[in-house]
Amino acid sequence: MNLDCIRHPRLREWIDENVAMCMPDDVVVCDGGHEEADRLAERMLRSGSFKRLEKRPNSFAVRSDPGDVARVENNTFICSRFREEAGPTNNWRDPQEMKGELRQRFFGCMRGRTMYVIPFSMGPVGGPLSQIGVELTDSVYVVLNMRIMTRMGEAVLKELDRDKPFVKCLHSVGYPLTLGRHELPWPCDSNNKYIVHFPEERSIWSYGSGYGGNALLGKKCYALRIASVMARDQGWLAEHMLILGITNPDGKKKYIAAAFPSACGKTNLAMLVPNLPGWKVETVGDDIAWLRWGDDGRLYAINPEYGFFGVAPGTSLKSNPNAMRSTEKNCIFTNVATTPDGDVWWEGIGGEPPAGLVDWLGEPYDPSKGKPAAHPNSRFTAPASQCPVIDQAWEDPRGVPISAILFGGRRAGTVPLVHEAMDWEHGVFMGSIVSSETTAAAAGAVGQLRRDPFAMLPFCGYNMGDYFHHWLRMGERSGVKHPRFYYVNWFRKGADGKFLWPGFGDNARVLKWIFERCDGAGEAVETPIGNVPAPGALDLDGLDLSPEAMAELLTVREDEWLADVPGIRAFFGSFHDGFPEELVARLDWLERRLRHPAAKRHRSAIA
Ligand code: OXD
Ligand code: MN
């Protein structure tokens, strides 16, 4: 479609301004249809960017530039008017200064290319919790991925005709096809990446990267960073959370939202196959939740996305059969290895690497080099509708009612398998102290402990001190029914360095206890940090786990927790005056309980 189909005056004005700045040869408005997608995929095949996967209908593999493989947090900026509004955990730049710098980058950056206009909806089109965005991009890869990850095209344009507000998302790979330059399989400007957010004007400018959250601007940039600011201003929550529905053998269902840092198993938990007869888990979303109080006082959540951008390595028929089945067709695989018979392969998919494997760099795979065949942050982009356990309410525009909110991370020690908060404020405190060992989802060292409150550290579009205030205020709303809060840790290790808990389908045992607690049943004992399952309260039927390992999983060691307290205090202190006193008081409360001899009695009750 051409620009004549844009009837929204401010949208047309904004596109015209950016056409003048970026100077594309051509402008195409995406209709989101099949023919358009086929045409664009064909172009990617002809240019050598895409490789068709014979084993998976309508699916493609693509290899990125080796310098463009993950989100780049150092090059991610929140350009609010004042530095304090971005807070100590974000990179801040003055908006006018940053705009000046960006304009130089964007000037003529689309020469020789087409600018695609992608109207997209986060959440079901027209839904009361949904929001609109428009991405301008010169990347066909982005168009095809956005088509999977968001509802995009004509239906959204119709919404825009009703003069709906929209978030402005400008993206360029930063590789104009000017004289003497050839097209590359993965064009980018890997030394000059900018992922920039202007929260007050609800706009995003992304330059230089074509990868994932840097370029598919509906995801982290909009649905988390910009939406978190919208949510603060409008009294809702935009969170880095999966949403799942869990049904007990009597057919009773509850919905749970869970925040985990990147690559800590959110997709696996969202699609879990319970190792418990009669229990069922269904998926609403695997990465992002937008939550609001409903008229009945319950907290309702939608998944604003339309697809999964899942980490491939480690995903197998054993670890996550539902993710594997979601990727059987209509998918894009980025930076995985490819097999000679036209399929994909990655570490942990099950089995030995097949002969003739080509690694993510396009080289014949050579195990003697000791390098993985698939990049550790290689991804599948899969339509959520293809998930065999997609929840029947996943597209309900009103969302699903949330009974429990989980936090978690990777911690080899200290944090027990599960503990429960006493109330909303304690739950917010739990969210504020989430910490995890880093993964490959972001560029940088892997395996280092970092504080990642609410798993939102890289995704909160404003001062996190203020964000904690917002969470506390949300809980103070009168007449609402608070969900319960839990902290889980599947990654605790024993003295031998091995994981104590089997994880995956057995995580349903923990969900079952949570379900029962939300139902007013499920026995617990109080410890200094919160409630843990009472002896016998976790259903371990059929699980081959020694009583010692189970005791270790639930043990709360005061000395280990006390060793964490100064780090938490320093983190809280980094926010200076803008930090909620309630959370500092909670930390004092925790420290007192950890030091109090009565707390020790509780521990021995479980161990
Ligand atoms: C993701 C991430 O891609 O959190 O979901 O990095
Ligand atoms: Mn994520």
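## A friendly tour of a predicted model

There are 35 aromatic pairs in this structure, counted by ring centres that lie within 6.5 Å. Please keep in mind that you are looking at a predicted model.

**Aromatic pairs**

- Let's begin with Phe106 and Tyr207, an edge-to-face pair with 5.5 Å from centre to centre and 65° between the planes.
- Phe106 belongs to helix H4 (residues 95–106) and Tyr207 to strand E11 (residues 203–207), so this pair ties together parts that are 101 residues apart in sequence.
- Are Phe106 and Tyr207 buried or exposed? Both Phe106 and Tyr207 are buried.
- A second pair is made by Phe468 and Phe575, with ring centres 6.1 Å apart. The planes of Phe468 and Phe575 stand at 70°, and planes over 60 degrees apart count as edge-to-face, so this pair gets that label.
- Phe468 sits in helix H12 (residues 464–476), while Phe575 is in the loop between helix H15 (558–573) and helix H16 (581–595). The pair links distant parts of the chain, 107 residues apart.
- Phe468 and Phe575 are both buried.

**Around ligand 1**

- Which residues come nearest to ligand 1? Of the 9 residues around ligand 1, the nearest are Arg71, Lys220, Ser262, Asp287 and Arg379.
- Sorted by class, the shell around ligand 1 holds 5 charged, 2 polar and 2 nonpolar residues.
- Arg71 places a polar side-chain atom 2.9 Å from an oxygen atom of ligand 1.
- For Lys220, an N or O atom in the side chain is 2.9 Å from an oxygen atom of ligand 1.
- Asp287 has a polar side-chain atom 3.2 Å from an oxygen atom of ligand 1.
- On its own, ligand 1 has 210 Å² of accessible area, and the protein covers 93% of that.

**The manganese ion**

- Which residues coordinate the manganese ion (ligand 2)? The donors are Lys220 (NZ), His240 (NE2) and Asp287 (OD), at 2.2 Å.
- Along the sequence, these donor residues follow the spacing K-x19-H-x46-D.
- His240 lies in the loop between strand E12 (237–239) and strand E13 (241–247), and Asp287 in the loop between strand E15 (280–285) and strand E16 (289–293). The pair of His240 and Asp287 therefore ties together parts that are 47 residues apart in sequence.
- Both His240 and Asp287 are buried.

- Lys254 is part of strand E14 (residues 253–259). Why does Lys254 count as buried? Its relative accessibility is 11%, and buried means under 20%, so Lys254 qualifies.
- The side chain of Lys254 makes a polar contact of 3.1 Å with the side chain of Asp519.
- Thr339 is found in the loop between strand E20 (337–338) and E21. With a relative accessible area of 7%, Thr339 is buried.
- The side chains of Thr339 and Asp341 are joined by a polar contact of 2.4 Å.
- Asp359 lies in the loop between strand E21 (344–345) and strand E22 (379–383). Asp359 counts as buried, at 11% relative accessibility.
- From C-alpha to C-alpha, Asp359 is 28 Å from Leu217 in space, and the two are 142 residues apart in sequence.

Key: Residues are numbered from 1 along each chain as its sequence is written. Chains are lettered from A and ligands numbered from 1 in the order in which they are written. This is a predicted model: local features need pLDDT of at least 70, side-chain atom pairs count only at pLDDT 80 or more; totals for chains, interfaces and linings use all residues. Side-chain values use heavy atoms; hydrogens and water are left out. A residue is near a molecule or strand if one of its heavy atoms lies within 4 Å of it. A polar contact is a pair of N or O atoms within 3.5 Å; within protein, one must be able to donate a hydrogen and the other to accept it, and residues adjacent in sequence count only if both atoms are side-chain atoms. Accessible areas come from the Shrake-Rupley method with a 1.4 Å probe; for residues, only the protein chains shown count as cover. Ala, Val, Leu, Ile, Met, Phe, Trp, Tyr, Cys and Pro count as nonpolar, Asp, Glu, Lys and Arg as charged, and the others, Gly among them, as polar. Donors are N, O and S atoms within 2.8 Å of the metal (3.2 Å for Na, K and Ca); water is not among the atoms, so sites may look incomplete. Helices (H or I, at least four residues) and strands (E, at least two) are DSSP runs, numbered from the N terminus. Buried means under 20% relative accessible area, exposed over 50%, partly exposed in between (1.4 Å probe, protein chains only). Rings of Phe, Tyr and Trp (its six-membered ring) pair if their centres lie within 6.5 Å; planes under 30 degrees apart count as stacked, over 60 as edge-to-face and the rest as tilted.
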